[in-house]
Amino acid sequence: MTMILQNADLYTNLKRLRQSSGLSQYELVAQMQLLGSIMSRSTYAKIEQGSRNIKVTDLVALKNIYDVEYLEFFKGIGTC
C-alpha cells in the first residue's frame with residue numbers, strides 16, 4: 001500500500017490546536033469517540049507524528065471539538 005504524500009504543516013497544526021485547547025491525546029481521543037470516531041490514542045499519536053493519514057470523518061470531529069474553521073488545519077500549506 002502506498003501512502004499519500006504528507007505535509008508536516010498539517011501535523012504541526014493538529015498538535016498546535018490540541019495543545020492550545022489544553023487537551024491531552026487521551027482526552028482528545030475520548031471526545032472524538034463520543035462523536036463516533038473509533039480512533040485510539042496510539043493512532044492519533046501517529047497522525048501527529050506524520051506516520052499515518054487522518055480520515056476525513058476524524059477531521060470533521062476535530063473541527064467540532066475545537067470549534068474552528070477547516071482553514072486552521074491547513075495553515076501554512078500552499079496558499080492557506
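Colleague: Among contacts between residues at least 6 apart in sequence, what share joins residues at least 24 apart?

Modeller: In this model, which is predicted, 59% of the contacts between residues at least 6 apart in sequence join residues at least 24 apart.

Colleague: OK, and how many helices and strands does the protein have?

Modeller: The protein has four helices and zero strands, and reading along the sequence gives the pattern α-α-α-α.

Colleague: How much of the protein counts as buried, and what about its accessible surface?

Modeller: The protein has 80 residues, and 34% of them count as buried, while its accessible surface comes to about 5200 Å², with 55% of that belonging to carbon and sulfur atoms.

Colleague: Let's pick a residue. Where is Asp 58, and is Asp 58 buried or exposed?

Modeller: Asp 58 sits in helix α4, which covers residues 56-66, and Asp 58 counts as buried because its relative accessibility is 7%, where the cut-off for buried is under 20%.

Colleague: Which residues is Asp 58 in contact with, if we leave out neighbours within four places in sequence?

Modeller: With those neighbours left aside, Asp 58 is in contact with Met 32, Ser 37 and Met 39. If you look at Ser 37 in particular, Ser 37 and Asp 58 are 21 residues apart in sequence, and their C-alpha atoms are 6.4 Å apart in space.

Colleague: Moving on to helix pairs, how do the axes of α2 and α4 cross?

Modeller: Helix α2 covers residues 25-34, and the axes of α2 and α4 come within 10 Å and cross at roughly 105 degrees. That angle is why α2 is described as roughly perpendicular to α4, since angles of 65 to 115 degrees count as roughly perpendicular.

Colleague: And which residues make that contact between α2 and α4?

Modeller: From α2 the residues are Leu 28, Gln 31 and Met 32, and from α4 they are Asp 58, Ala 61, Leu 62, Ile 65 and Tyr 66. Sorted by kind, the residues of this contact of α2 with α4 are six nonpolar, one polar and one charged.

Colleague: Now α1. Is Arg 18 buried or exposed, and what does its side chain make a polar contact with?

Modeller: Arg 18, which lies in helix α1 (residues 8-21), is buried because its relative accessible area is 9%. The side chain of Arg 18 makes a polar contact with the side chain of Glu 48, at 2.6 Å. Not counting residues up to four places away in sequence, Arg 18 touches several residues, among them Leu 28, Tyr 44, Glu 48 and Tyr 66.

Colleague: And the other arginine there, Arg 16, which residues does Arg 16 touch?

Modeller: Arg 16 is also found in helix α1, and at 32% relative accessibility Arg 16 counts as partly exposed. Leaving out residues up to four places away in sequence, Arg 16 touches Glu 72 and Lys 75. A polar atom of the side chain of Arg 16 lies 3.2 Å from the backbone oxygen of Glu 72, and the C-alpha atoms of Arg 16 and Glu 72, which are 56 residues apart along the chain, are separated by 9.9 Å.

Colleague: Last one: where is Asp 67, and what is its phi?

Modeller: Asp 67 is found in the segment after α4, and its phi is near 55 degrees, which is a positive value in a residue other than glycine. Asp 67 counts as exposed because its relative accessible area is 68%.

Methods:
Residues numbered from 1 in each chain as written. Predicted model: local features only at pLDDT ≥ 70, side-chain atom pairs only at ≥ 80, totals over all residues. Heavy atoms only, no water. Helix = DSSP H or I, 4+ residues; strand = E, 2+ residues; numbered from the N terminus. Buried < 20%, exposed > 50% of the residue type's maximum accessible area, 1.4 Å probe, protein only. Contact = heavy atoms within 4.5 Å. Areas by Shrake-Rupley, 256 points an atom, 1.4 Å probe, with all protein chains shown as cover. Axes fitted to C-alpha atoms, helices over the stretch in contact; angles between N-to-C directions. Parallel < 35°, antiparallel > 145°, perpendicular 65-115°, else oblique. Nonpolar A, V, L, I, M, F, W, Y, C, P; charged D, E, K, R; others polar. Polar contact = N/O pair within 3.5 Å; in protein donor to acceptor, adjacent residues only side chain to side chain.
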